[in-house]
Amino acid sequence: MSQISKIFEAVVRDEIVKFFDKYEMINDAHHGFRKGRSCLTNLLLFLDQVLKSVDKGHCMDVVFLDLVKAFDKVSHLRLLEKLKKHGINGKLLRVVGDVLSNRRQRVCIKGKHIRGKKI
């Protein structure tokens, strides 16, 4: 992505997260897109809980899921509907909708552009 696109995405993300934080709509256990939290902090807290349970003699089953492409599979219309149901509306909802609609991805290798794929 271009630098402008990355900055724009960060501004929109920050506004949505700020809205959800203001109305306490994000569970405290959620680490994605939150200041001071990351995949690493989530993993460390999880590991701490597992080790405490094992130290107490409890059994522990763990299931790992790979959700790398999950966002690409989400229906954009359904995502917009959920944002609206949670109070995101007006200009912010329109901007998110515009960003998600009719997107194309294009790759440039050694000065040659590879035809864009609609995503």
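Some ground rules before the details. The model is predicted, so I follow these limits: local features need pLDDT of at least 70, side-chain atom pairs count only at pLDDT 80 or more, and totals for chains, interfaces and linings use all residues. Residues are numbered from 1 along each chain as its sequence is written, and side-chain values use heavy atoms, with hydrogens and water left out.

Let me start with the overall layout. The chain has five helices and two strands, and along the sequence they follow the pattern α-α-α-α-α-β-β. Helices (H or I, at least four residues) and strands (E, at least two) are DSSP runs, numbered from the N terminus. Of the 119 residues, 13% count as buried. Buried means under 20% relative accessible area, exposed means over 50%, and partly exposed is in between, with a 1.4 Å probe and protein chains only. The chain exposes about 10700 Å², and carbon and sulfur atoms supply 58% of that area. Areas come from the Shrake-Rupley method with a 1.4 Å probe; for residues, only the protein chains shown count as cover. Among contacts with a separation of 6 or more, residues 24 or more positions apart account for 27%, where contact means heavy atoms within 4.5 Å.

Next, the surface. Which residues form a nonpolar patch there? They are Leu-40, Leu-43, Leu-44, Phe-46, Val-54, Met-60, Val-62 and Phe-64, with about 770 Å² of accessible area together. The patch rule takes residues with over 30% relative accessible area and no salt bridge; like charges are joined within 9 Å, and nonpolar side chains (Val, Leu, Ile, Met, Phe, Trp, Tyr) within 5 Å.

Asp-61 is in the loop between H2 and helix H3 (70–73). Its relative accessible area is 75%, so Asp-61 is exposed.

Now helix H5, residues 90–100. Its buried residues are Leu-93, Val-96, Gly-97 and Leu-100. Down the axis of H5 they fall within an arc of 100 degrees, so they line one face of the helix; the arc is that of the directions from the helix axis to the C-beta atoms. The face turned away from that buried side carries the exposed residues Lys-91, Arg-94 and Asp-98. After H5 comes Asn-102, with a positive phi near 50 degrees.

On to aromatics. How many aromatic pairs does a search of the whole structure find? It finds two. Phe-19 and Phe-20 form an edge-to-face pair, 5.8 Å centre to centre, with 65 degrees between the planes. The rings of Phe-19 and Tyr-23 have centres 5.0 Å apart and planes at 55 degrees, so that pair is tilted. For reference, rings of Phe, Tyr and Trp (its six-membered ring) pair if their centres lie within 6.5 Å; planes under 30 degrees apart count as stacked, over 60 as edge-to-face and the rest as tilted. Phe-19, Phe-20 and Tyr-23 form one aromatic cluster. Phe-20 is buried at 14%, Phe-19 is partly exposed at 23%, and Tyr-23 is partly exposed at 46%.

The structure holds five salt bridges, each a side-chain nitrogen of Lys or Arg within 4 Å of a carboxyl oxygen of Asp or Glu. Among them, Arg-13 meets Asp-14 at 3.1 Å, N to O. Glu-15 meets Lys-18, also with 3.1 Å from N to O; both lie in helix H1, three residues apart, about one turn of the helix. Arg-34 bridges to Asp-21, with the closest N and O atoms 3.5 Å apart. Arg-34 lies in the loop between H1 and H2 and Asp-21 in helix H1, so this pair ties together parts that are 13 residues apart in sequence. Arg-34 is buried at 16%, whereas Asp-21 is partly exposed at 35%.

Last, two loop residues with positive phi. Glu-24 has phi near 50 degrees, in the loop between helix H1 (3–22) and H2, and is exposed at 73%. Lys-110 has a positive phi of about 50 degrees without being a glycine. Lys-110 lies in the loop between strands S1 (104–109) and S2 (112–118) and is exposed at 83%.
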